[in-house]
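Me: I'm new to this one and would like to go through it slowly. Could you look at it with me?

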Amino acid sequence: MEDQLVQLLSATQTAQQDTRKHAEQQLLSLYGHQELPLGLLGVACHDSVPLNIRQAALLYLKNLVLAGWSDSFDEWRGQLLVTDENKALLRQQLLALATSDQLDRKLKAAAGLVVSKIAIADYPVEWPDLLDTLLQLIPNATEGQLHGALKLLAELVEDCFNENTFFGVAPQMIKMLYHVATNEQWKPTLRALACKVFHGCFDILEMVLEDHKTTVKSFAEEILKDWIPFFVSVLNTRLPDPPSQDEEEKDTPNAVMYKGQVAFKLQAVKVLMRIRSVFPAILSPQSIVLFQATWQELSLLEPAYSLMYIQEDRQSRLEDADGLPYTLDFLILEELDFMQACLRAPPVRAQLEQELQNQTADNSWVTQVMKLAVAYAQITTEEEGLWDVDVNIFLSEETSVTANYTPRTACGDLVIKLGEWLTEPTVNGLLIYTRALYSESKGWKAEEAALYVLNQLLGDFQDVDKQIRSEAASGYVDFIRYAMQQPDAFLRARGYLVAGSLTRTSGDALQQLATSFLEACLQAIPSDESDIVQVSCIRAMQYYLQALPHAITQPLQNTIILAISNYLGAQDMQELGDSDDLMITLVETLRDAILIDTRICITDNGLDTLFRVASHQANNFQLTMLVIEAFEEVTETISRMGGDAYVQLCARVLPSLTGAFDVGSLTEENALCNFAADLLAVLAEHGPEPLPAGFVATTMPKLTRLLLGSTDEELLKSATTALKNIISHDHQQLFEWRDDTGKAGLEVTLIIVSRLLSSCSDHAAGEVGALAAEVVEKAGHERLGPYLEQLLRSVAVRLAQAKQAQFIQSLTLVFARLSLNHASEVVDFLASQDIDGENGLQVVLAKWLENSINFAGYDEIRQNVIALSKLYDLKDPRVAQVQVQGDLIPNTDGRIMTRSRAKANPDKYTIVPAPLKILKVLVVELQSASGAALDAAAANELADDGSDDGNWEDEPNPFIDLGSGFSKEQLMAFAREEPGSTRQRDDETQGFLVEFFKRAATTQGFAEEFGQLTEEEQQRLRESAA
């Protein structure tokens, strides 16, 4: 069989699709044959078979294990594909393969992956000696065997251990890892791999820490009493001088050894970072020693880093086949982050604050940190080359939207954190070092880096509404002016950017200079020869427009818009299509310029430029949203002006929008039509009532064509919203309009609604409910006549089939809005309908009540709450007979719920009468309307969060360190999709519900229904009554 398998596996590697698919099908058809798993293993073990085929054999064996080894896998196909006898053989031979000496690393890793998958299912019950075998192998292992064993341990730690299995083997395993890591006879990469496995153990410790705090902490203290001193010694061990570029390229023994030592040291720092995040109090006593060692190492490595990455162009950000980063830039990055973490430790802070009191500003440790930060923040040769070629990459780094975290950005973070703790010393220390730097002429890269670090600090000041003192701001003016005049483009660009940032964060300190800075920035956009400088000036313009008074910016509004328009005119719009960050910067600056005085939109062409940019980038969601939001603000302000301002806006904008519909349709560019429909929806939403004469005649032909002809889901949603807003603001004009076949506007709208309800997906018809509700309200029974019942029946039928939450809400609100004033008639109508053999009232109320707590939007929720209260107040026996889902019945079998099990055992609910379910929904809404308040303890934690000391205390901060205000409990509520967990207070709805329950409590049958509520629901009602 092995020969046949080699042929099939070879065929799966071919580029010919038919041959490949046929071979894959044949391999699948062999599932269940006991020769298959043994045959695949045989192929993998054969030295004569090509390496790629042996790897493929192990890949297919892994897939076979997932499909038919155990029902604990999500990929389980429902039947065992390997006998117990063969399982034992496979376990033994795969383990031997994964830990063999002379074997290709990729093959060994593939075998280890299969072993780890088997271990997930079989360890420890079916394979009790797995770990013992590995741990017995390690002390006397060859290099190849040790490598295989460590890789396998890493897989087991990541995937197989739980709290029960881990703590049984952890002491022995961690001791073995310690012996490998501390043994200088082993290669540094193997020692690094041992540290990496140890690093993985902290994921398990963190997972069980909350439930077994004392036990886990004692265990951690015991194991770390040896590891922490060892890591301190690793930090204190000096790296040799780096290999030359030639040695690196030739991979000489010297270069290989250097990479291994970097990888080993880096893993040690990674483990220290992990200890600090899980057991900060254990590490805290050593924090001063660790901080000093890290700072000293960074100071000693700076010349090597400068040589390799700032002067030369060495390869950076590299990992080996085992996932071990080994380039110096990665080590520097890790150590900068660790140094920043150490700065938060109370012992370090106490000592540094004491030292600062006894130091002058010129020789303070803060100034020395600034020196280090500026050294590592310099633009690398690689970055310089990339940014020269593509200004978009420069902008993405500048605006921090890149995922590329480098020593440069880490230095910015380090200075920001220092500035949050010691604001004045940080600003002064940076200013003192900048003066020294500029007086010594250390080159443009160092000068640029000093201003870059300042820019990062000022950006943080802006985020937290902090200002820089006027003396410090004035101290930087000469450096900024100097930078603006230098021949190097990056230093020049930085000068313009810092000028804007400093103006924005210095209050009135630079008001006298601000105008000259702004004008210099404005002149550089068309005149500077460097693209980097031009784009930096366009970005810096945002800072001035946000900071300077209207009296300064308003006279320059036309000039600013013209400068950006001319810059765009000189660019190839097709090429700009790939430059997302540049386009967004252009749009943001243009938006800020337009919003200085929105009247420019009816007297000049500011909006035309904005629309032109967006029309070339209609597929860019972020950019089109920016334009739509800007247009919304323009429309709102112009609409508020009164007079004929809105009419003039329509006269300028509608030709562009209808033109975009035509161009989009001709070129089949749905994104462009969609963008135009969104803008039209905004224009109609904020328009006066009635809309200007001719509005409907201009827009409806295009909207009708799209709504009756398009299949694009997003376009249909946007166009439906636009039509709904037109009806909402001027139904009279719409109903009087006739299309080119003579159909009246109402008839056209009903045809559109019919199409959306009958033949479009849930997503495409997502807004049809809101449109139908507007039609029913505005046209009324008189105009609609027999069409009203047809329309409502169509809505009910589609609601019965609807699956998507937003669509269900949209359709339900048709009946909710009608129920506000005609609840009895709604019940009569629905009770008279038969929908696929079920009563219409049962169908609609079940869907309505089972989805109500997921509704979104304040107006929509309020309407729904009032409508449900009206239905309850009817006390209609037909409503009482409707049975709907009540509460979730919890799963009590204790097994982990995999996807396959969830599919086989879907959630079960109690069944309750509709009036009781209405009460349950309204109790939830009562809680939501009151706002999800933090408890006092959590609020105190949040208030203290700014100190950062909590990161090194016994009790870890319950708030995640992402700058957000969500507690763990709130985040878990998101995961459980608990309704109301993100709602803000809504006094109007809360007041209505309190009165409703007080009134309902006096009605017949309420006491019985109250008794059927859960204890928690009853308590909520008692609290609201109190």
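Me: Where does Asp836 lie?

Reply: This is a predicted model, and in it Asp836 lies in the loop between β1 (834-835) and β2 (838-839).

Me: And is Asp836 buried or exposed?

Reply: Asp836 counts as exposed, because its relative accessibility is 73% and the cut-off for exposed is over 50%.

Me: What about its phi?

Reply: Asp836 is not a glycine, yet its phi is positive, at about 50°. Most residues other than glycine have a negative phi.

Me: What does Lys875 have for phi, and where does Lys875 lie?

Reply: Lys875 also is not a glycine and has a positive phi of about 50°, and it lies in the loop between α44 (858-874) and α45 (877-881). With a relative accessibility of 38%, Lys875 counts as partly exposed.

Me: Okay, stepping back, how many helices and strands are in the protein chain?

Reply: The protein chain has 52 helices and four strands. Its radius of gyration is 34 Å, close to the 31 Å that the globule rule gives for 1026 residues, so the protein chain is as compact as a globular protein of that length.

Me: What does the C-alpha trace span along its principal axes?

Reply: Along those axes the C-alpha trace of the protein chain spans about 95 × 85 × 70 Å.

Me: Which peptide bonds are cis?

Reply: The peptide bond from Tyr123 to Pro124 is cis, with omega near 0°, and Pro124 lies in the loop between α6 (105-122) and α7 (130-137). The bond from Glu689 to Pro690 is cis as well, with omega near 0°, and Pro690 is found in the loop between α36 (670-685) and α37 (695-709). Most peptide bonds are trans.

Me: Where is Phe330 found, and what does Phe330 touch?

Reply: Phe330 is found in helix α16 (residues 328-342). Not counting residues up to four places away in sequence, Phe330 touches Leu266, Arg317, Leu318 and Pro325.

Me: Why does Phe330 count as buried?

Reply: Phe330 is buried because its relative accessible area is 16%, and buried means under 20%.

Me: Last one, where does Gln617 lie, and is Gln617 buried or exposed?

Reply: Gln617 lies in the loop between α33 (606-616) and α34 (621-641), and at 5% relative accessibility Gln617 counts as buried. Leaving aside residues up to four places away in sequence, Gln617 touches Leu576, Gly577, Asp580, Met583, Leu623 and Thr624.

Conventions:
Residues numbered from 1 in each chain as written. Predicted model: local features only at pLDDT ≥ 70, side-chain atom pairs only at ≥ 80, totals over all residues. Heavy atoms only, no water. Helix = DSSP H or I, 4+ residues; strand = E, 2+ residues; numbered from the N terminus. Rg over C-alpha atoms; globule rule 2.2 N^0.38 Å. Buried < 20%, exposed > 50% of the residue type's maximum accessible area, 1.4 Å probe, protein only. Contact = heavy atoms within 4.5 Å.
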